Structure formats: structure tokens, C-alpha cells
Amino acid sequence: MSEAKNKTKLPVSIEEILQDYQLAIESREASLIGRKEVFMGKAKFGIFGDGKEVPQIAMAKFFKNGDWRSGYYRDQTFMMAIGQLNTQQFFAQLYAHTDVNAEPASAGRMMNGHFATRYLNEKGEWLTQTDKKNSSADISPTAGQMPRLLGLAYASKLYRENKDLSELEDFSINGNEVAFGTIGNASTSEGHFWETMNAAGVLQVPMVMSVWDDGYGISVPQKYHTIKESISDALSGFQKTKDKSGFEILKVKAWDYVALLETYKKAIDISRKTHTPCLIHVIEVTQPQGHSTSGSHERYKTKERLDWEKNHDCILKMREWIVSEKIATTEELNEIEKEAKQIAKQAKDRAWKSYTLDIKKDVEEAINLIDKAGISSSKKPEIEKISEGLRKELNPEKSHIIRSAKKCLRLLNQEKSTEKQTLANWLNDKIEVYAEQFNSKLYSESSESALNVETNSAEYSDNSELVDGREVLNACFDNLLKNDPRIFAFGEDVGKIGDVNQGFAGLQEKYGDLKVTDTGIRETTIIGQGIGAAIRGLKPIAEIQYLDYLLYALQTLSDDLATLQYRTYGGQKAPLIIRTRGHRLEGVWHSGSPMGMILHSLRGMFVLTPRNMTQAAGFYNTLIASDDPALVIESLNGYRLKERIPENLNDFKLALGEPEILRTGKDVTIVTYGSTCRVVMEAANQLEEVGIDAEVIDAQSLIPFDRPQMIVKSLNKTNRLVVIDEDVEGGASAFILQQILERDNGYFHLDSKPLTITGKNHRAAYGSDGDYFSKPNVEEIFDEIYSMHSEIDPERFPSIY
């Protein structure tokens, strides 16, 4: 080590500078090796953080225990610097190792560069967040990390300003935690970025946003991405002034180690102390290997640009600075680089050995069993080819094992032997093991799962008051807010006027604007605000004003919230409740029932469709006691309909996935949900007048659907099925039919083909007639079910029209 004195005052110790340099080299080498592993066929895809090593190391120095990251897929050096990723784990993720101990972020479910820390224990229970450095789980969609970032920062605001939360020290210490965001410059063109930045400025939350600016978005240069070709210039109007709140905006070069340290210290100190959001525009970033293993940047960058990037590589610049400041000699740096590269290579070797060990064990077992099964078989030559093919696989995968075993058993289909049965048993056991590795943990498996909540039926007395449905909800929310400081509700018009249908009327005045809060018109970040807060131990109820507007937030719900438990292999959860209203009203944009879209997009969340506000209240009570995310769709035309308020409203909990029989009957089973229940009941009464006895079942929740298989029991009696749905043809009705007929084997009981009565294949037209002719109506339901019975018994039910 050189003992010569440096020219200027150093920001950190010489030892720390050299450790930083070694980490930068190690991370860079991991990126270089990773690309080669993909091209060798040992991994499927690679996207790396090369070129961002030095700024990420600088940022990491000010990331404290309790802080949160919501970043993107190039933050490997940052994760290494905060001690939440080592190089062996980096390669384990590249190989998609399904052992959660080897790859703790996702157990091989997320592609490389997608980082997460585990804040749940093996039972799915919360771990302490304030004694560790935290990273929310990454997603690939560009700017998809932004909405969640807002919520992580907003939680600090609540923890600081709501004194009733002060005892929750496992989640926050006086709201001192900062949420760190990262994004590439091109992705700042996404609406999620702008919406989040605006919301963070309005809310004034401790969020530090780093933009890594390499001048491109894959092959597209900056001039096509950003006004003024600079995100900091474009956002200059967000700059905080003496008399108006806003952002602090700072700009720094990616290769200037000292300036990076000064810039991050300044920004994070401000944000942590004053809850002022900050934007750090990191310019002159390079990307030595291009965007990913899918292509080469030499195709679109000029020679001059490539030469510039080579000369301005952040590690090269740091090396030059270290030498110029006489911190270390060239020879000493060479030794550091040699050691760092060796560490990376050894980590790769260990990760590959660990990854292949279990697979090789399964391969050997499969080959042994296949060989034994073929010894006495007439198909021995063909079976030997299968065995040899599996043995020769250069990089065998689990799918190769399953395919080979199944191919062998197909050849042995007409033969009987102990060896064949042994292979079949082994295969079935192995399929179960692999199913756990690849298909499990979509929903909570903890003791707090919504499916484990102890439920209570609604209780009534002769004195039970008859009130507007909205009053039932209001009483429910009042009780929830009173009894749990973690609960808060927010959304457009939720605060001062208590939402457009008065479910929260008077509750902001009663509990304050931290508990019942208005937001701007920004559905995506309303959801993100809720996700981040739920991650940090709070119990948010986020309102999307109308079901039609859910489309604004669908990407965030589908890609982030719904996949969270699955993509982290049960390591993270966000028990967010989303409240909205929909189904029948009037007009193209206020009457939507896009249930098929929701059901197909939101697996990983529960989707609940109460027919009235009492049922909705029962669901809210259940969800608050659980740790599952859910979407509750209230009936838009039911708020002023009269309901009897349960005597046990505060304790009434409705089971998820349990339908309710609204009307018993023997001739046909009608399944529906939500607002349509009232229409169907009227049609059923009219059908009874002509001698058709309909059993009407309210599904109540679509995910989960009919857990006790109540509908199949009804079909066993009626032998006929009608599904009525406000969605378009093949919307939720297709899902419901699949569940009843295929999952529950309901087809076995049918004497007539199943019938669906749905909305028309367009949005509902305006006006009462628009609703009548666009959605299922009483007369249509009557006619279709009457026609079904007319086919069965035309003498008893002759054609009417």
C-alpha cells in the first residue's frame, strides 16, 4: 500500500475507498462473466448493472437500516454494497436456482437483476424491518417500481405524523426511513414516473430518486425520450423554492466518486430530516455491455460514442483518481483487481455447482429407474435411447427429467412390472416437489390468510334498524378506524366529503386527515401508495372511485401487487384492500363490469363481489384481520337501498369463497353475483308464476370461488345451470363455468347444456334504456330460462312469442 499523501481531503478513509474499488471490480466481473454464461447456454437471459458501479456504491453509503429500495434491474452493485446480495447469490439467480437459501430474492422465479429482501419468516409472519436494509421486490415493466416507491415513502410520513403509530418500532422509528428509487433515463418517459414524481411532491415524502442517464433507451437516443434531453431540466419546475414546496434536484456525473458521495449525502440528509423528496440526475453513465444479452450496442452507437464511453467508464475514472491522489499505486490496484475477479469467478463456480447438484441427483435417479424399468421390457431398445438421451444432456434441466420419465412410461403403457410402478411413483413425487418450487405461494399461506380468519354470521333482532346501505358501510369503517391505528383510507373524494357515495362521511372530521385522506386523480399511484404502506406494516384501504377506472391501475395491480407473494416465494406481502364500485349504472364509462379482465389479470389477489353493503362490510372485517390483498367491488346502485344493520356489525366476518343460496328451487340453478342478484331474484319470482322453480345462488366472491362446492350440490338436484354475468360474452361467465363444470365436475349432473346470459359485447349505453338493453334484464332472463324448459317439456311450456 502506498503511503504517499493524497492531494486533497478524502471523503472517506483510504481503506474504504479501496474496498469500494474492489467491490466495483467484483460486480463488473460478475456482469462480464454473466454475459458469457448466457452465451454458453447455462442461463437463459442476462441484464446487468455494469457502468453503474461507482454511483451505486456512493448511494449505498447513506442507506441505513430501516430504509427501503424500490428500484430496477440494474442495481446489483447497490444490493451488494448494502450487504443484501453476494456474488454467489447473483449467479444463483442468473441460473434460476429454485432453492430459496441459494437465491433468497425469489427462489429462481425472477430473472437475474430482480432483487428483493425477505421481510417475512418461513411462516409468512412479519420480521423486524428497522434493524435491516430493505428492498421491495423488483418487477421488469419499466417504471413499474415507481408507484410502490411512493407508498414506501408515504409510510414514513404516516409513522412520523401519526403519533398513534409510534409503538410500531418494528416497522419505523419516527418515520426517519428514506425510500430510495432508481430508474433508467429512458424509462422516465413512462407515465408512472411522472405521476409518482408529482404525487411525491404534493405529499412531501422522504423519497430520493436516482436516474441513471446513459443517453439511450436500448437503441433510441435521448432526444426521442425527454424534453430538453435532460430529465432534471424537464423537471426544473418541481424545484423547491423559498415559498413553495417541491423537490430538491441535483445533478452529478457517474464517474466522479467524490462528487457522488457529496451529492448523495446532501440529498439523503435533506430527505431524512425534512421529508423533502429529491431527484438525483446521474449523468454520463456508460453501459459497457449494452442493454442486455439480447443484442449489441455496437449496432447503434457510433465509434466516437463507444470510444467516449470507454474513456469515461466509472471504474476507469475511479482508478485514475485513486492513482492521481496517490491513494494506491497502479501495482496495488492491479492486485486488487486480480483478487476481485478471482472472487467473482469462484462465486460463479460455487453457484453453478450448487445449482446443478440437486438436478444431477434427480437425473441420476431418473436414469437408474428408467434403466431398471427397461430391463425386462419388450421396448428395451427404445427405453435405452431415452436413458442415453438424458445422460447426454449437457446442461440438464428438470423439464428434461419429467419428459424422459413420461416418455418411458408411455412406452410401458401396456406392460406391468414392479420397476414400472416404482418409476411412476417416483415421477409423481417429483412432480409434487417441482410444483412446490414453481407453482406455490400465490396467496398467503400464513396463519393470517383470509381463508383462515374465523368468520361470524350477521345477527339480527326485531330491533335491527333499517338504514341506507351506505350507512352500514359507514358504521363498519368507523369501527375499523377507531380500533386499529394502522388502518387508513384514501382516494379521490374520500376525505372531506367522505367519498362520492358517503361510505366515509364524517370520518375525516372524526379521525383526522392522516386516517381518511383525499388524493389527486391518479389511480396508479393510489394503488402504489397502498402497496408501499402495506409492505411497511400498515393497513391501507385504497379507493378507486369507479370500477372502469381500474384500468389506469391495472398494470400496477397485475404486475406488482398480485404477483408479490409468488415472485418472492413467500418472502414479501402487501395486504392492501382496494375498494371500488361498479356494475349497473348508466353510460359507457360509469357502468363497466370488466370482470373477465380482472379475473385473468389479478390471480394472486382475492376478488370479492358483494351484492349489498352488509356483505361488503363482512368482507372488509375479514380482510382487515388477514394478510391477503383483495379487491372489493361494491354495487354502485346499492348505496341508498335499505338494509337491516346487523347487531354484530363490528364482529361480523364473511367467509371468502362461500356462496349464499338466496332462493331454493328444484328446476334450475342460477349463479350470479353483485348487482345482478336483485335482477335475477325478480326474474326467479316471475318464473315461479309459470311453474319454473329456480334456485338462485350468489357467488359473493369470484376469487376464491365456491370453496365448499355448493353449486355442484345444487346441480345434483336441479340438473340445469344458468350463469348470469354483466360482463361481455365469455367474460366472468367463462371463468365461472370452468370452475363449476371442470374443476368441480359439475358437467356430470347436467341434463341440458349450460346457459350464459351476459351483457352485450359493448359498453353500456347511457340512460335507463341504455342499461336495460346493454345488461341482462328481467325479461331476458325469464325468456332464456323459459326457453330452456320449453325444450324439455314443450307441452307444459309452449312458445310464448
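**Close-up 1. R522 and its surroundings.** The side chain of R522 reaches the side chain of Q529 in a polar contact of 2.8 Å (a polar contact is a pair of N or O atoms within 3.5 Å; within protein, one must be able to donate a hydrogen and the other to accept it, and residues adjacent in sequence count only if both atoms are side-chain atoms). A quick note before going on: this is a predicted model, where local features need pLDDT of at least 70 and side-chain atom pairs count only at pLDDT 80 or more, while totals for chains, interfaces and linings use all residues. Residues are numbered from 1 along each chain as its sequence is written, and side-chain values use heavy atoms, with hydrogens and water left out. You'll find R522 in the loop between β11 (516-518) and α17 (523-535) (helices, H or I, of at least four residues and strands, E, of at least two are DSSP runs, numbered from the N terminus). R522 is buried yet has no salt bridge, and the nearest side chain of opposite charge, E195, is 5.5 Å away. Here, buried means under 20% relative accessible area, exposed over 50%, and partly exposed in between, with a 1.4 Å probe and protein chains only. Lys and Arg count as positive, Asp and Glu as negative, and His and the chain ends are not counted. A salt bridge is a side-chain nitrogen of Lys or Arg within 4 Å of a carboxyl oxygen of Asp or Glu.

**Close-up 2. S156 in its helix.** Helix α5 (residues 146-161) holds S156. With a relative accessible area of 0%, S156 is buried. Its side chain makes a polar contact with the side chain of R536, at 2.7 Å. Leaving aside residues up to four places away in sequence, S156 touches G175, E177, P206, H275 and R536 (contact means heavy atoms within 4.5 Å).

**Close-up 3. Aromatic rings.** Across the whole structure, a search turns up 27 aromatic pairs. The rings of F488 and F490 have centres 5.3 Å apart and planes at 20°, so this pair is stacked. Rings of Phe, Tyr and Trp (its six-membered ring) pair if their centres lie within 6.5 Å; planes under 30 degrees apart count as stacked, over 60 as edge-to-face and the rest as tilted. F488 is buried at 2% relative accessibility, and F490 is buried at 0%. Y546 and Y549 make an edge-to-face pair, 5.5 Å centre to centre with 90° between the planes; both are buried.

**Close-up 4. Lysines over tryptophans.** F48, F90, F91, Y95, W352 and Y355 make up one aromatic cluster. The charged end of K42 sits over the ring of W352, 4.5 Å from its centre. K317 lies over the face of W255, 4.8 Å from the ring centre. A charge sits over a ring if NZ of Lys or CZ of Arg is within 6 Å of the ring centre and within 35 degrees of the ring normal.

Close-up 5. D627 forms a salt bridge with K573, the closest N and O atoms being 2.8 Å apart. D627 is in the loop between α21 (613-624) and β15 (630-635), and K573 is in the loop between α19 (564-567) and β13 (577-582), 54 residues apart. Both partners are buried: D627 at 2% relative accessible area and K573 at 1%. Elsewhere, salt bridges that share partners join D499, E543, R579, R581 and E634 into one network.
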